[in-house]
Amino acid sequence: MRMRGARGRAGCGHGQGAGGHADELLVLVAGGDQRAFEELYGLVSGPVYGLVRRVVRDPAQSEEVAQEVLLELWRSAARFDPGRGSALSWILTLAHRRAVDRVRSARAAGEREQREALRAGEPAFDQVAEEVEAGLEREWVRRCLNRLTALQRQSVTLAYYDGYTYREVAERLSLPLGTVKTRMRDGLTRLRQCLGGAA
Amino acid sequence: MSILGKLLRGEDPHSLAAPYALDALEPAERRRFEKHLAGCDRCAAEVRDLAEDAVRLAYSAAAPAPAALRDRVLAAVRATPQEPARSGNRAAAQEQAPARERARRLPPHVWGTQPPPGRARTRGRPLFAPFATATAAAALVVASLFAVQAHRTEDRLTAEQARAREIAHVLAAPDARAASSEDGRGRSIGVIASASERVAVVTLSGYGTPPGGRVHQLWLMRPRVQPRSLGLLAGDTPLVAKGLDTSSTSLAVTVEPDGGSATPSGQPIVQLTLKSVGFGE
């Protein structure tokens, strides 16, 4: 479901998913509508912050990255084109890339060992999720991740949730590069089949 | 490395679609793949699908954002100009877009994470959304920050990210306030400062580069003390000054010989009081 152009906001939130609603709001935000931005903030700040936090881990840094991303939504909303994908996808892609940039520059800056030490004591992905209100989507994704082979799951989550490049993933899993690339693609494809493709 | 791995290494760039959708490429590889994507419809479609799958992973990580984040973001939004929209009618604007630009359009995974083609040239004069006078300086600083980012090269990326982080930190201070001053010729100085954090972000706009290899040097003026150098200003690039004495009364910019001076050698070309941003008590 994709909204083209700016409709009135009166009917928003009734009978449509957050995804379609975000599309519509982002178009309004591109026109300088600050109230639409506030509404959009309500829809996407949780997913943006949660994703950044998942990748960056450190709460203060996560908040900083999330702030940069949310401000960038306001600033760059005009770049969003509803004809080329969903707003949610655009927003979360942006958030993920910023989070990964941060985590990699932190690693490059020599905080690596410190982070590894921190991470060693952290629970696995499915337990971290329990920190926050359990959503249906989270439950589905968790279940579907568990249906992947171990290598598919590790390849996908080490890259996406931990911000490792596929070369680093290959190193950590002692696998050839080509195998990791294939596991990533197969993992994502199986995830899609399991989730039913609907965003 | 196995023989299979070696065989796969020189291979067809299509295989990078999944690592790309997961943001698992190194910067150089990412750029090469994006180049490839621009001319490969099949890959673009595949990347788009894979990116939507990745977004499901993202969405499932949702967690409530801290309440304070909302206030800060909404405050920053009021002070931040937007990039100009193409036109009221997006579809029409796309029809009119130059063919070169259309050809370079990338899938959703790509656009928005890099400046659109040709945008950097017009970035210096953003269409400012209406905002209160008090926040004009913040807008000035934020606008020049993003202008700088638009021109960034890979080498400068880390330094700029570090600065962006510092600026975000200043903006995030609960007592962050902004001030600016513009002369009759459209040249201005802007500051966002936090007295509690003793930090300020200073931007000079429209002054260009002094002739003869000389430089703009920023000074902190304090009562009964020699001016303290805060560093050299490079064009419109924001300067982050830390450890500021809260009794400081104003900022001043002078033109100095290459490398700067220990004390100001001439009259300031511009000065800005810090009283309205909580200093000088």
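This is a predicted model: local features need pLDDT of at least 70, side-chain atom pairs count only at pLDDT 80 or more; totals for chains, interfaces and linings use all residues.
1. Local features here need pLDDT of at least 70 and side-chain atom pairs count only at pLDDT 80 or more, while totals for chains, interfaces and linings use all residues. Residues are numbered from 1 along each chain as its sequence is written, chains are lettered from A in the order in which they are written, and side-chain values use heavy atoms, with hydrogens and water left out.

2. Taking a disulfide as a pair of cysteine sulfur atoms within 2.5 Å, the count over all chains is 2. Cys144(A) and Cys194(A) form one of them, with sulfur atoms 1.9 Å apart, and the link is left-handed, at -75° about the S-S bond. Because Cys144(A) lies in helix α6 (residues 136-147) and Cys194(A) in helix α9 (residues 177-195), the pair ties together parts of chain A that are 50 residues apart in sequence; helices are DSSP runs (H or I, at least four residues), numbered from the N terminus.

3. A disulfide also joins Cys40(B) to Cys43(B), at 2.3 Å from S to S, and this link is right-handed, with 75° about the S-S bond.

4. Contact (heavy atoms within 4.5 Å) takes in 78 residues from chain A and 72 residues from chain B. The two chains bury about 7,300 Å² between them, 57% of it on carbon and sulfur atoms, where buried area is the accessible area (1.4 Å probe) lost on being put together, summed over both parts. Arg75(A), Arg84(A) and Arg97(A) supply 12% of the area that chain A buries against chain B, more than any other three residues.

Definitions and conventions. Helices (H or I, at least four residues) and strands (E, at least two) are DSSP runs, numbered from the N terminus.
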